[in-house]
Each structure stands twice: as structure tokens, then as C-alpha cells.
Amino acid sequence: MTSMVLEVHDLIIKRDGRAILNVDHLQVHQGEVLAVIGPNGAGKSTLLLALSRLLNPDSGQILFKGQQLASHDELAYRRQIGLVLQAPLLLDGSVFDNVAKGLRFRGLPRGEVNQGVKKWLKKLGIDHLQKRAAHKLSGGEAQRVSLARAFAIQPQVLLLDEPFSALDAPTRSRLLEDFQALLAATAVTTIFVTHDLDEALFLGDRVAVLLDGQLRQVGPPQDVFSAPTDPAVAEFVGVETVIAGRVVTSQAGQIGIQANGYHLEAIGKVETGQDVFVCLRPEDITLLPCVEDGASDPSPKSSARNRLAGRILRFKPQGPLVKVVIDCGFPLVALVTRTSAQEMGLTEGTPVYASFKASALHLISR
Amino acid sequence: MELIWEGIREAFFLLVSGDPEVWEITLLSLRVSGLATALSLLIGLPLGTWLAMGRFTGRKFSISLVNTGMALPPVVVGLWVSIFLWRSGPLGGLGLIYTPTAIVIAQTIIAAPMVTGLTAAALQQLDPRLRLQLLGLGASHTQMILALWREARLPLLAALMAGFGAVISEVGASMMVGGNIRHQTRVLTTATVMETGRGEFATAIALGFILLLLAYLVNLTLTWIQQRETS
């Protein structure tokens, strides 16, 4: 069993009399990477500042290694954490001086400072930049310096606030890979705040979803992304179709649901009569051509248990993919490649069938 | 025109001959204004930092007061310092009126709001997240403030230059609280005023040149330090 490094209980932080963060309970285990995800303004950075002890909560408790944060000496606690913010916020001076800063704050001897700085410059692949002025670095280089600065102090807990969000895609991708390798090598307990779901999936051992200042779900990434516990989490993690329904049959794990006039089939253990939200990810939907008169279903038989007829409402290109919104009596969102959309001749108003397997449906009790 | 040329000739002679009284006046000016600038830095740097970083009711009002103080007329300062130091005034017992100390007090009051206001402005222009980042790196509050001063050192040097420029060039307060007493409280500005009043334009021009030269040399040194940092 891993030991607990940080625990949060009934944490409330208010601004202008309004609670902007209200976390009932959160535990961070030794050596894990916890990705805190949520949209802008959800309270992610506020949570990080509270955990850094740079923001005092209005009520609640934060425990560090089982002891209340308030009982620790403030400076001694802050010297056990490493904080990396979205902007690198480098100081005027050389790259070496910047990475050395935290070590110098701790009054370490010159030899130890030199050794620590050189080690982490090398690990971050920026040892050739050590004499360069910090203000002459590119965005990616500057963020590497910022990370080296945080790792160099050998923190017990590393707190990161969207450190890669301002970088271009190739730079971000390279840095993410290097960062993941460093996290694996150091096994430092990390809380990583991001609004980027890919980053959370890539780095997080567990994912915490923070919406409107409240932790809505915490768990392994696959659980959070495939089995969200409420519609708001589902929407944030990319489950774009959420409809209300009622379980009408439930037998041997096979479930029949009545939703918006359709009979849908799903897998799970839900009792008959239970009201549920039916969640469907856009990438789990297959589109099939549909004849205009709609008299019969001309498409071939398949193992997919659900098939809904509808008309295309609109398209939204997303790189090589196209997000297609279909009117099935409710808006159903599917994701197809541009090539598929072109070959099928999909245009606004085109009638289609949306097909998906019973296992693609995720049910949330209402 | 002849008067001006004669004045310039005499000024040059006074400068190169090293007239002892001129040297005395020059050194006293440097000592008094240098001390006043140093004191204003001691007051203005922490006060400006507190105004820039503190979170308290009336902060904006306090900053506006300090900014108003930056335009404090030296004669008004001279008047109030005179009232306080006058023999029958609240601090008359100290016997400071018409002494170099009185000039230092008046000049400190003139320069301090300038250094305070410009320090606050210099620190406020830094990214506010820098403070969090420094604390997040394990800085104590003192280390954080020292690091912020280092980051803002160029505008802080500008504040120092502005403070020194204001006091070395002011005449009203020095005249009122110092009295322009020969060999005691006569500084470059008061001496220039006096010589002009007496029609001794050559001496007045010479003193004016020295004043300008002094201000230039001090600011040249500070500018050199400042600009070396930017290269």
C-alpha cells in the first residue's frame, strides 16, 4: 500500500464571498502522477496554489504526510515542493543562474549548486544553453529551464500548472515525452493541472475532473474517460452525446433502454425502471448511407446492436477528421475521417444511419 | 553680450584655479544631496515595495498620495521644515535650523516620495506571478523581495537618479531651512541665487556650470551601471 503524501478534506476557497473551490476529499499517493483536468476557470490553479501554501483556504484541511499543512513551518513546507507555472517566468540572468536559484535560496554550498544545476540541465537536454541569457531562449527552451529549475531542488511534490499549454505542437510533444521519462525516473509525486485531455491521458496515473470548483470524479484515466460518473464530466471528457432514458429490460447483463423514442441496447448491470443518462463517444459511432425514401434499411447486417436514422445537421472539421452532428430527434455527434465524409458524399441534410455497438454505450444513473 | 562672455571667462578661471570656497560649496552640496538621496532610498525602497505588494484597505489612496508627493514644491517643504525646526517650533529644541542637517531633512522629504512612487511603479510592472514563482522555488519573503528588486533594478536606478536630480537642483528648501550661511550652509543652488542677486554673473555662471557638471557625472555613473545591465 502506498503512503499518502497529500490529503485534502472539505477545502473551501472563496473569492468575493463566492466559493471558487470546494473539494470534499482528495488523496495524492506517494510517487503517483495525478492529472487535474477541467475547463478554464474551474479552479485548477487555485487548488494548486492552495496545495503550494501560496493561498490560504477559507476552511478545510490539507494534510502533508498526515500532518496538517498549517502545523508545518511555511518556508520549510514550500522548500519541499517544486512549482512550475504556465509561463516559464525566468529571471533576468543566465540559464545556469535560473536553474541554480532554488538551490541558492536553500543556502546550499557552491559545489552542490553547480553539481545539481549541471545534472538537471543535462537531463533536460539544455546543458549547451547554460551560459545563454534567459530572455534569449525560445518558448520550449524556456520551459525546459523552468522544469530543470523545479527538478533541481529535488522536491517531495511537484506541482505543475499547464506548463505545456503555450508551446507549439511539435515542441510540446517532444517536451511531454522527455517530461514523462523524467517523472518515471524520479518517481516524484506530481500534481499536474491541465485542460488538455491528451496530456492528462499521457501523463496521469490517475485523473481528477474539476468542474465549477468541485471535484466530480477521480480515478484511473480509462475509468474517467470511458465511464464518467455524471453528464458534466461526460461532456468535458469528450462524450458528446448524452441523452436521458429509462431501462426497460435488463437480463443477463444485456439492457434495453427507451430514450427519445428509440430502443437502445447496452451492456451493464442496471435494474429495470432505472432512469439513466446514456453516454456515447463520437468516435464509437459508424455512419452508414441511407436511402432517401427511408422505406427500408438497405445497409448490411452488422454486429452493432444500435442503429438510428437521422439527417446531418452540420459539419465541423477537426484536422483530418470531421465532427458530424446528426439530428436523430436529438443531436448525435459522430467523428469520421474527411475521406469517409467525401466518399459517402455527406452534406448537410443528407439522411444517414448512425450505428454503434451495445458496449459503446455508457450508462449513468439519474 | 559682453557680460555673458566675461562671465564665462571668469567661470572657466574659477573652475581651473580651484577656488577654495567654490570647492567647499561643491563638496557640501554633494554631501547634503548625497545623504538626502541615500535616506530617501532607505525610506522609499521598503515603502514603495510595501505599496506595490501589500494588500490593504486604502492602498490606492496611499499610492495617489505618494504620487502627489512626487510633485511636492520645495518651497512648501522648506516652509514646513522651517516651522518645525524654528526655535519656537515643535522641534526647535534640537537647534537644527540653518544647519546642513536641516537641508538634508528637507531634501529627504522632497526625494522620498519620488523614490517611493517610482519603486512602487517599478515593482508593479513586474509579472505578478513572479512572486508566486519565487515563493514556489522556496524563497523566503526577504529572498523574494531581494529577487524582485534585482529584476526591477533598472527602473529602481532610474528612481535613484530622479531623486538625486530633484534634490541637487532644488533651491527653495535649502535657502529657507539652511539660510545660505557662508562656510556653513551655502550650497551650489543657493550660492548661484545669491551671486545672481548681487550682479556677480561670472561667479553665478561658474557655480551653475559646476552644478550641471556634478549632476551629469553622478547620472553618468548611474546610467553606465544601468545600461551595462541591458547590454
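Which helices do the buried residues of α4(A) pack against? They pack against α3 (95-105) and α5 (139-152) of chain A. This is a predicted model, so keep that in mind as you click through.

**Stop 1: helix α4 of chain A**

Select residues 110-123 of chain A. This is α4, with 14 residues. From first C-alpha to last, α4(A) reaches 20 Å, close to the 20 Å expected at 1.5 Å a residue.

Now colour the buried residues of α4(A): A:Val113, A:Gly116, A:Val117, A:Trp120 and A:Leu121. They sit on the same side of α4(A), because they cover an arc of only 125 degrees around the axis.

Turn to the face directed away from the buried side. There you find the exposed residues A:Gly111 and A:Glu112.

Step past the end of the helix. A:Gly125 follows α4(A), and its phi is positive, near 70 degrees.

**Stop 2: A:Val99**

**Stop 3: the largest nonpolar core**

Zoom out to the largest nonpolar core, which has 165 residues. The members that touch the most others are A:Val36, A:Val99, A:Ala148, A:Val278 and B:Ala106. Helix α5 of chain B, residues 100-124, gives the most to this core, with 15 residues.

**Stop 4: where chain A meets chain B**

Show both chains. Here 17 residues of chain A are in contact with 14 residues of chain B. On the chain A side, the elements giving two or more residues are α2 (74-78) and α3 of chain A. The largest share, three residues, comes from α3(A). Colour this side of chain A by class: it has nine nonpolar, two polar and six charged residues.

**Stop 5: chain B as a whole**

How many helices and strands does chain B have? The count is eleven helices and zero strands. Along its principal axes, the C-alpha trace of chain B spans about 65 × 50 × 25 Å.

Colour chain B by burial. Of its 231 residues, 39% are buried. Take contacts between residues at least 6 apart in sequence: 76% of them join residues at least 24 apart.

Notes
Residues numbered from 1 in each chain as written. Chains lettered and ligands numbered in written order. Predicted model: local features only at pLDDT ≥ 70, side-chain atom pairs only at ≥ 80, totals over all residues. Helix = DSSP H or I, 4+ residues; strand = E, 2+ residues; numbered from the N terminus. Expected span 1.5 Å × (residues − 1). Buried ≥ 20, exposed ≤ 12 C-beta atoms within 10 Å, placed from the backbone. Arc of directions from axis to C-beta. Contact = placed C-beta atoms within 7 Å. Core = buried A, V, L, I, M, F, W, Y, C linked by C-beta atoms within 7 Å. Nonpolar A, V, L, I, M, F, W, Y, C, P; charged D, E, K, R; others polar.
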